[in-house]
Amino acid sequence: MKLELRGITKRFGALTANDHIDLTVNEGEIHCLLGENGAGKSTLMNVLYGLYEADEGDIAIDGEVQNFDGPGDAMAAGIGMVHQHFMLIPVFTVAENVALGHEKTKFGGRLDIEAARATVRDISDRFGFNVDPDALVEDLPVGVQQRVEIIKALSRDARFLVFDEPTAVLTPQETDELMGTMRLLKEQGTGIVFITHKLREVREVADRITVIRLGKVVGEASPQASNAELASLMVGRAVELTVSKDAPTYTDRALEVKDLTVSDAAGTVLVDNASFAVRGGEVLAIAGVQGNGQTELTEALVGLRDHVTGSIRLHGEELAGRSVREILDAGVGFVPEDRSVDGLVKEFSIAENLMLDRSVGAPFVKAGTVQRRLLETFAREKIDEFDIRTQGPFQAAGRLSGGNQQKVVLARELSRELSLFVAAQPTRGVDVGSIEFIHKRIIETRDTGIPVVVISTELDEVTALADRILVMYRGRIVGIVPGDTPREQLGLMMAGMEVAA
């Protein structure tokens, strides 16, 4: 059996997200679709799954052209999709989630929940999932929730499964388990499309690799290809994938956090009594699966959270309780995890975004007037220094690629005199080439003696940058370990196993 996408083209206004893409998936194979964020991978799969309608091209199964008016048609044709963000009802049981959308009923129109339980048990036994059909989804670990998504798809007789960035919310151990599941599915004849931008995962499970860049297929690669070869295909040039850094030269403790607790408006504790210190000339990386308190901890450091207790001292000066403006003025540089929401004003020009931290007073504002000539000169310097690919300093920031938007944020924050640099998800949604550049600048900042805190869910990034690694689980610090700690140990810590600090 064969699934074919022929000349798929999808446009959103002037943007061509998919440009005449051809892709073939055979039963019993894992076909990896590799490309950077924004390359068009997910758009293509949303066309396949009936969520989008292609402007041009066909989808065929065994040579027969399909016409999907929605996901229901795709599922009926044997196509299932495991989304990056799970499509589950947390307060429903596993069996109820699996039944949802194609419920079987008994006499009198009542839901036949026992049939759903039997389906869960059958698929779970067949693939070794060990999933309780009566467990509430909200009580299950993330890795088990993903198995429920797979069970849902298989219960609808999916012959082809699409995994869209499936490891984004998994620990390393859960990722390894997923790879094993994919191999077992392949052995039983399921065709798999595996969408990812992580080179390690591609080389581990792929039978074939198709690389897309800017909406076009740019080549196919062998699973035996090196990371450098794959990265070159993704970006279009040679890329240095390793972070070059010397041993750190430490100074005294610069940032000291003690008994920090962060709660939400309802009183739920999100960061539980966290204490740690960062020395000058050090990168402390905060690791953990997304949603374990890292975001709230980061926002507390820069004054963005309201319900905070404990102490945050920078060079002996208390920051807790101060406004964001006061904290920035104390020399804290901050790269937020969502540049679109917190890092940029997309309608503003690059030059205007570069002065956001200094929009009051010298050097860019005098007597309430922006010094345009000075700002333009500064912006051109930073565009060159940070290799921002743009038409000029007055181009709207929102018209830049993700990587170049991130460089604007980085240029703004690193162009001030800093006492602390905090970077949350610094390379999220940027291309491999921009990752190379951003990592280099982070290490250069550390080498000037500035304490650096990096928050990342990408374990490869954490281990590449960190001098020490702080691991969080459910709001608590599980441990603080050296930067060269093995991935396996970090994965166990990310799952909640405590180790000695």
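**Close-up 1. Lysine 152 sits in helix α5 of this predicted model.** With a relative accessible area of 14%, lysine 152 counts as buried, because the cut-off for that label is under 20%. Setting aside residues up to four places away in sequence, lysine 152 touches Met87, Leu88, Asn97 and Val98.

**Close-up 2. The largest nonpolar core has 45 residues.** Ile150, Phe163, Met182, Phe194 and Ile209 are the members that touch the most others. Helix α5 (residues 142–155) gives the most to this core, contributing six residues. Take a look at phenylalanine 163: beyond residues up to four places away in sequence, its contacts are Val82, Ile150, Leu178, Met182, Leu185, Ile192, Val193, Phe194 and Ile195. There is also a second, separate core of 33 residues, and Val335, Leu344, Leu400 and Ile450 are among its members. As background, nonpolar side chains in soluble globular proteins tend to be buried together.

**Close-up 3. Helix α17 (residues 487–494) has its buried residues at Leu490, Gly491, Met493 and Met494.** These residues lie on the same side of α17, because the arc they cover around the axis is only 160°. Their cover includes the helices α6 (172–187) and α16 (459–465), along with the strands β21 (468–473) and β22 (476–482). Glycine 496 follows α17 and has a positive phi, near 110°.

**Close-up 4. An open sheet is built from four strands in the order β2-β1-β4-β5.** The pairing is antiparallel. β2 (15–26) and β5 (64–66) stand at the edges with a single partner strand each, so one side of each has no neighbour in the sheet. From one strand to the next, the twist averages 30°. Three bridges join β4 (residues 56–61) to β5 in the antiparallel sense, and isoleucine 59 stands opposite glutamine 66 in β5. Helix α1 (residues 41–48) lies across β1 (2–12), β2 and β4, and runs at about 115° to β1.

**Close-up 5. Aspartate 357 is in the loop between α12 (350–354) and β17 (365–366).** Leaving out neighbours within four places in sequence, aspartate 357 is in contact with Arg325, Leu328, Arg412, Glu413 and Arg416.

Methods: Residues are numbered from 1 along each chain as its sequence is written. This is a predicted model: local features need pLDDT of at least 70, side-chain atom pairs count only at pLDDT 80 or more; totals for chains, interfaces and linings use all residues. Side-chain values use heavy atoms; hydrogens and water are left out. Helices (H or I, at least four residues) and strands (E, at least two) are DSSP runs, numbered from the N terminus. Contact means heavy atoms within 4.5 Å. A nonpolar core is a set of buried Ala, Val, Leu, Ile, Met, Phe, Trp, Tyr and Cys residues joined through side-chain atoms within 4.5 Å. Buried means under 20% relative accessible area, exposed over 50%, partly exposed in between (1.4 Å probe, protein chains only). The arc is that of the directions from the helix axis to the C-beta atoms. Two strands pair if DSSP finds at least two bridges between them. Axes are lines fitted to C-alpha atoms, for helices over the stretch in contact, and angles run from 0 to 180 degrees between N-to-C directions.
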